[in-house]
Amino acid sequence: MRTLPILALLIAMTSHALGEELRVSVTGGEESEGQLFVALFDSESHFPDGDSLKSRREPWRGEPVQVRFANTPAGTFAIAAFVDTDGNESLSKNLFGIPTEPYGFSGKAGFGTPSYSDVSFDKGAEDASIVIRLDQ
């Protein structure tokens, strides 16, 4: 009988250590279709084009999509998202470096590529939600 309380404690500790879910609602980009790429970053060194902590790829038909990142621990994160409309699996840009596909970040980006600190947010140990609006 002593193993039951210990087992319950271990399960509780494990679920807390793994973190909770981060839900990312992506809106905008209504006139585009393709593949939605959403990347979760926990470091400035890789943001926004390098290796991400987690990433998801979903079909995009111009309607809002919710992407879920399970077991996301507490911390500071930034999210980059774009719709690949031409199938090259990267954010296409024109000759001036301006994106030609819908894209967005987890914060106010302004003009040009934002810094990690501009679009980062703090997530606690509990479930969290964030909305990203794609621009073009």
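Arg68 is partly exposed, with a relative accessible area of 44%. This is a predicted model, in which local features need pLDDT of at least 70, side-chain atom pairs count only at pLDDT 80 or more, and totals for chains, interfaces and linings use all residues. Residues are numbered from 1 along each chain as its sequence is written, and side-chain values use heavy atoms, with hydrogens and water left out.

**View 1. An open sheet of 3 strands, in the order E4-E1-E8, has mixed pairing.** Strands are DSSP runs (E, at least two residues) numbered from the N terminus, and two of them pair if DSSP finds at least two bridges between them. Strands E4 (65-72) and E8 (128-134) stand at the edges with a single partner strand each, so one side of each lacks a neighbour in the sheet. Strand E1 (residues 20-28) pairs with E8 in the parallel sense over 7 bridges; Val24 has Ile130 as its bridge partner in E8.

**View 2. Glu21 forms salt bridges with Arg23 and with Arg68.** A salt bridge is a side-chain nitrogen of Lys or Arg within 4 Å of a carboxyl oxygen of Asp or Glu. The closest N and O atoms are 3.3 Å apart for Glu21 and Arg23, and the N to O distance is 2.8 Å for Arg68 and Glu21. Arg68 lies in strand E4 and Glu21 in strand E1, so this pair ties together parts 47 residues apart in sequence. Both Glu21 and Arg23 are buried.

**View 3. Arg133 and Glu30 meet in a salt bridge (3.5 Å, N to O).** Arg133 is in strand E8 and Glu30 in the loop between E1 and strand E2 (34-41), 103 residues apart. Arg133 is partly exposed at 47% relative accessibility.

Technical notes
Helices (H or I, at least four residues) and strands (E, at least two) are DSSP runs, numbered from the N terminus. Buried means under 20% relative accessible area, exposed over 50%, partly exposed in between (1.4 Å probe, protein chains only).
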